[in-house]
Amino acid sequence: QVQLVESGGGLVQAGGSLRLSCAASGSMYSINTMGWYRQAPGKQRELVASVTSSAHTYVADSVKGRFTIARDGAKNLVYLQLSRLKPEDTAVYYCAADDGLGNDPLWGQGTQVTVSS
């Protein structure tokens, strides 16, 4: 059973950058896709970016060109590089993992990203 722990959130001014990390403990064998969602107060949770075990990536149009998702070589970490941040990016960012077999996805606890100005 894999557990996900996010880190890297914080307070940053508009135009700045953050790098979010999601550490997956346990075996990565069953994970097909890892991704990042975000949820702002009063809004629905939305998919920001995802990456498969074969390194296929998806980035939402709303953040394309500013955010990048990547996995490390050991496949035990997934990163989200947030650049040129805007106040609209303020949200709790959640790491998620899916086995691609129809089971419920795994979720991290979330990390707060706050963009000021």
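D99 is buried, yet D99 has no salt bridge. The nearest side chain of opposite charge belongs to R71, and R71 is 12 Å away. Keep in mind that this is a predicted model.

Where does D99 sit? D99 is found in the loop between β9 (91-98) and β10 (106-107). What does its side chain reach? The side chain of D99 reaches the backbone nitrogen of L101 at 2.8 Å. There is a second partner. The side chain of D99 also makes a polar contact with the side chain of N103, at 2.6 Å. Now look further along the chain. Leaving out residues up to four places away in sequence, D99 touches S30, I31 and N32.

Is A97 buried or exposed? Its relative accessibility is 4%, so A97 counts as buried. The cut-off for buried is under 20%. Which residues does A97 touch? Residues up to four places away in sequence are again left out. The contacts of A97 are then L4, I31, T33, M34, P105 and L106. H56 gives a sense of distance. A97 and H56 are 41 residues apart in sequence, and their C-alpha atoms are 14 Å apart in space.

The torsion about the S-S bond of C22 and C95 is about -85°, so the disulfide is left-handed.

Next come the charged side chains. Side chains of opposite charge can pair when their charged atoms come close. D99 has no such salt bridge, but other residues do. How many salt bridges does a search of the whole structure find? The search finds four.

Start with R38 and D89. Their side chains meet in a salt bridge, at 2.9 Å from N to O. This pair links distant parts of the chain. R38 is in strand β4 (residues 33-39), D89 is in the loop between β8 (77-82) and β9, and the two are 51 residues apart. Why does R38 count as buried? R38 is buried because its relative accessible area is 7%. D89 is buried too, because its relative accessibility is 2%.

D89 has another partner. R66 forms a salt bridge with D89, and the closest N and O atoms are 2.7 Å apart. R66 lies in the loop between β6 (57-59) and β7 (67-71), while D89 lies in the loop between β8 and β9, so the pair ties together parts that are 23 residues apart in sequence. R66 has a relative accessible area of 7%, so R66 is buried. Salt bridges that share partners join R38, E46, R66 and D89 into one network.

Compare that with D61 and K64. D61 forms a salt bridge with K64, with the closest N and O atoms 3.1 Å apart. Are these residues buried or exposed? D61 is exposed, because its relative accessible area is 63%. K64 counts as exposed because its relative accessibility is 52%.

Now turn to the nonpolar residues. How many residues make up the largest nonpolar core? This core has 29 residues. Which members touch the most other members? They are M34, W36, L80 and Y93.

Finish with strand β11. S116 is found in this strand, which runs through residues 111-116. S116 has a relative accessibility of 25%, so S116 counts as partly exposed. Its contacts, not counting residues up to four places away in sequence, are L11, V12, Q13, A14 and P87. L77 lies elsewhere. The C-alpha atoms of S116 and L77 are separated by 28 Å, and the two residues are 39 residues apart along the chain.

Terms used. Residues are numbered from 1 along each chain as its sequence is written. This is a predicted model: local features need pLDDT of at least 70, side-chain atom pairs count only at pLDDT 80 or more; totals for chains, interfaces and linings use all residues. Side-chain values use heavy atoms; hydrogens and water are left out. Helices (H or I, at least four residues) and strands (E, at least two) are DSSP runs, numbered from the N terminus. Buried means under 20% relative accessible area, exposed over 50%, partly exposed in between (1.4 Å probe, protein chains only). Lys and Arg count as positive and Asp and Glu as negative; His and the chain ends are not counted. A polar contact is a pair of N or O atoms within 3.5 Å; within protein, one must be able to donate a hydrogen and the other to accept it, and residues adjacent in sequence count only if both atoms are side-chain atoms. Contact means heavy atoms within 4.5 Å. A disulfide is a pair of cysteine sulfur atoms within 2.5 Å. A nonpolar core is a set of buried Ala, Val, Leu, Ile, Met, Phe, Trp, Tyr and Cys residues joined through side-chain atoms within 4.5 Å.
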